[in-house]
Every structure is written in structure tokens, then in C-alpha cells.
Amino acid sequence: MKNSSFGAYLLVLLIFATLTCCLDARLQACQPSGKIRGIKPPPGQCNPENDSDCCKQGKMYTTYKCSPPVIGNTKAVLTLNSFQKGGDGGGPSECDNQYHSDDTPVVALSTGWYSGGDRCLNYITVSANGRSVKAKVVDECDSTMGCDDEHDYQPPCPNNIVDASKAVWEALGIPEGDWGDYDITWSDA
């Protein structure tokens, strides 16, 4: 009887240790990689379209080389971006060196999810508001750099962003007054 109680105790201890290990590893899966100091954009160099932030002189911005793990329906924050020429997205998209109409469902993913371009030109499914839409990955929302000319003097992207064209927001039926930051889930299509 004593051996079975001891065996059960060891089994419970082993299960607890395994869960603790895995939970700790998951929590540590994506820690900040550093910080950058904001600089004041030269006049007319930061496009505030779609309520885009412009870097602030001296403010410290957190950077990430990773994003949370991608699981079935991964939680994220949907942000608004114009991928058109002259839009707040800056230059042409990383994946195809092209601009994209605001009427086309396209997205940029935070650095970790962009995965060095592995998701380029693939579709993801974005879900919110009881609806879903397929959108093509065309760009990276850079979580490692920002506050410079290449990034339109915008801060680094957080590590959990799906930066989407107006077409994605419209397809999800999100009222225009709620556009900006919106909790969503996404998955590889």
C-alpha cells in the first residue's frame, strides 16, 4: 500500500513538473529583444494616415524578434494600414515589391509571424465580429526596427499585429468608428 501511494505521489509530481516546465517555456517564448530611442521625424516624413503613430523624440520603444506561438486560432490585434502608393504603409510591400489597393484584402504580419518571408503571398484567415476573411500576406510589420526613414518614422510594430487593408476591416463588418486596434484571431488558411 505504501509503494502505491509513493508511486501516485511521484506521478503527480512528474505531471506537475512537466506542466510547469511547458508553461514557463511558453511564457518565455517571446520576450522583448531590446529597445530603441525615438527620434523626431523630419517635417512631412511621417504619414499619420489611419491614426498611425509617429515616433516621439526620446521615447523608448520595445523591440521583438519573435511573436507569440501560432496555434489554431492565434490571438492578435488587427491594425489598419494602407498598402497603396503614398499610404501610411510606406514603400512597396516586402513580398512582391508592389503596392496594393485598399480594396484588396492584404496584411502585414509582425516580424515573428512573418517568419523571414515564409508566409509571403500565402493566405491567412482573419476572424472577428462573428465573421472571417481570407487575406494575402504581402508585408512585414517590423517589430525589430523603427523610427527611421525606412519605416516612415513610425515606431516598431508590437509582436502580435495583423496590419490589414481597409478591405479586411470591411469584410469583417467592423464599424468604421471602431477601426484602429481590434482584437481578432487568425490562422494559416
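Two strands count as paired if DSSP finds at least two bridges between them, and strands (E, at least two residues) and helices (H or I, at least four) are DSSP runs numbered from the N terminus. With that in hand, Val 126 stands opposite Val 133 in β6.

A word on the model: it is predicted, so local features need pLDDT of at least 70 and side-chain atom pairs count only at pLDDT 80 or more, while totals for chains, interfaces and linings use all residues. Residues are numbered from 1 along each chain as its sequence is written, and side-chain values use heavy atoms, leaving out hydrogens and water.

| Pair | Bridges | Direction | Residues standing opposite |
|---|---|---|---|
| β5 and β6 | six bridges | antiparallel | Val 126 and Val 133 |
| β5 and β8 | four bridges | antiparallel | Ser 127 and Thr 185 |

The hairpin of β5 and β6 has two residues between the strands, and Asn 129 takes a positive phi near 60° there. Five of the six residues of β5 are buried, so this strand is largely enclosed by the rest of the structure; buried means under 20% relative accessible area, exposed over 50%, and partly exposed in between (1.4 Å probe, protein chains only).

Now for the interior. A nonpolar core is a set of buried Ala, Val, Leu, Ile, Met, Phe, Trp, Tyr and Cys residues joined through side-chain atoms within 4.5 Å. The largest one has 23 residues, and Val 126 and Val 162 are among those with the most contacts inside it. Elements that each supply at least two residues of this core include β5 (123-128), β6 (131-141) and α3 (166-171). Apart from it lies another core, of eight residues, including Phe 83 and Cys 141.
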